[in-house]
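Visitor: I would like to take a close look at a single helix and at what surrounds it. Could you walk me through one such part carefully, with the cut-offs behind each term?

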Amino acid sequence: MGNLRSLLLSKSQVEKILEHGIDASTSEFIAIMTIVEPLLILEDVKKKGKPFNTASFRTKWETLMRSSKVHVIGLDQDTLLRGLFDNEDGPKEDLQLWREVTDCTIPPDRTIRRIILRPSEMNWWENDLYQVMEDWFD
Amino acid sequence: MIENMERYIFLDAGLLADFLDQYFRSSKRLYPHFEKSSEFSDDIAQMINRIIQDPQFSRICASSFAFVELVRKWDEIVKERFKVYQLQAFISDPPEWFLIEPLDENIVQYLCIISPEVRMADQNMKPLEWTDAIHAATKMTRENSILVTRDERLRQIR
């Protein structure tokens, strides 16, 4: 991905992009979002009917995806392996679930974001995006 | 080859825990035999067994998100029936007849067609959260598929 820094898009930023198109300033970055962002926006669209209706959301979403200007980071088998476990260097009986994802008092969207963005040498984006995401909730 | 039946059986988080419980208790990990239980009807157990015996064109599946739900509610759902290292080993190297389906941008188109409210058998409407709808939407990504769940709302979604 060269020397461009990554820009983690929040739900409201993705909403703005869907409404008005991608801002030219984001071209200085690799714009990324987690899969949670469109799912939460769609939930609002379906339950509150805003900022647009479902058909309009779908059209705008498909247009954004075709533009290839934003990367969506999803949850898959590899992400689960990197994000769910802790203390992997010890005996197998000592393997634990990563404490940050077992707290069911936090909403599931934040758990998914934590798993996806958990710092790892395997990530192609900067690991400080994890803290960027956590700061959204402070 | 499996014919005239669903080729993909999707499990939600609750059923995934029950499935893994039977799987880890089996002495034959490559070809475990699933039994009718309080969780699995005889029909479902037989469908799972047919897939395991002939997985060339069919799979047992769960969304990646089902594993997240399992971990978030570990004590409540898993109830010490299996260990963390067993779960890791399964995710790391699932049997050939099991698919861990990604939660990615492809799911959005299917979520768009799932109503936020579901009409139940008694005609009452019940709300459906995005976290529940993910399982129905993931099931829609495959033709000839069925979602096995105890959630009556999800059972109403075709």
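Guide: In helix α4 of chain A, the residues T79(A), L80(A), G83(A) and L84(A) are buried, where buried means that 20 or more other C-beta atoms, placed from the backbone, lie within 10 Å of the residue's own. Because they cover an arc of only 100 degrees around the axis, they lie on the same side of α4(A); the arc is that of the directions from the helix axis to the C-beta atoms. Helices here are DSSP runs of H or I with at least four residues, strands are runs of E with at least two, and both are numbered from the N terminus.

Before going further, please note that this is a predicted model, in which local features need pLDDT of at least 70 and side-chain atom pairs count only at pLDDT 80 or more, while totals for chains, interfaces and linings use all residues. Residues are numbered from 1 along each chain as its sequence is written, and chains are lettered from A and ligands numbered from 1 in the order in which they are written.

The buried residues of α4(A) pack against β4 (85-86), β5 and α5 of chain A, together with α3 (64-72) and α5 (84-92) of chain B. One of these buried residues, L80(A), counts as buried because it has 25 C-beta neighbours inside 10 Å. If its neighbours within four places in sequence are left aside, L80(A) is in contact with L75(A), and also with S64(B), F67(B) and I91(B) of the other chain; contact means that the C-beta atoms of two residues, placed from the backbone, lie within 7 Å. The C-alpha atoms of L80(A) and I112(A), which are 32 residues apart along the chain, are separated by 9.7 Å.

As for confidence, the predictor gives the complex an ipTM of 0.93 and a pTM of 0.94. The mean pLDDT of chain B is 92, and 96% of its residues reach 70 or more, pLDDT being the predictor's confidence in each residue, from 0 to 100.

Notes
Buried ≥ 20, exposed ≤ 12 C-beta atoms within 10 Å, placed from the backbone.
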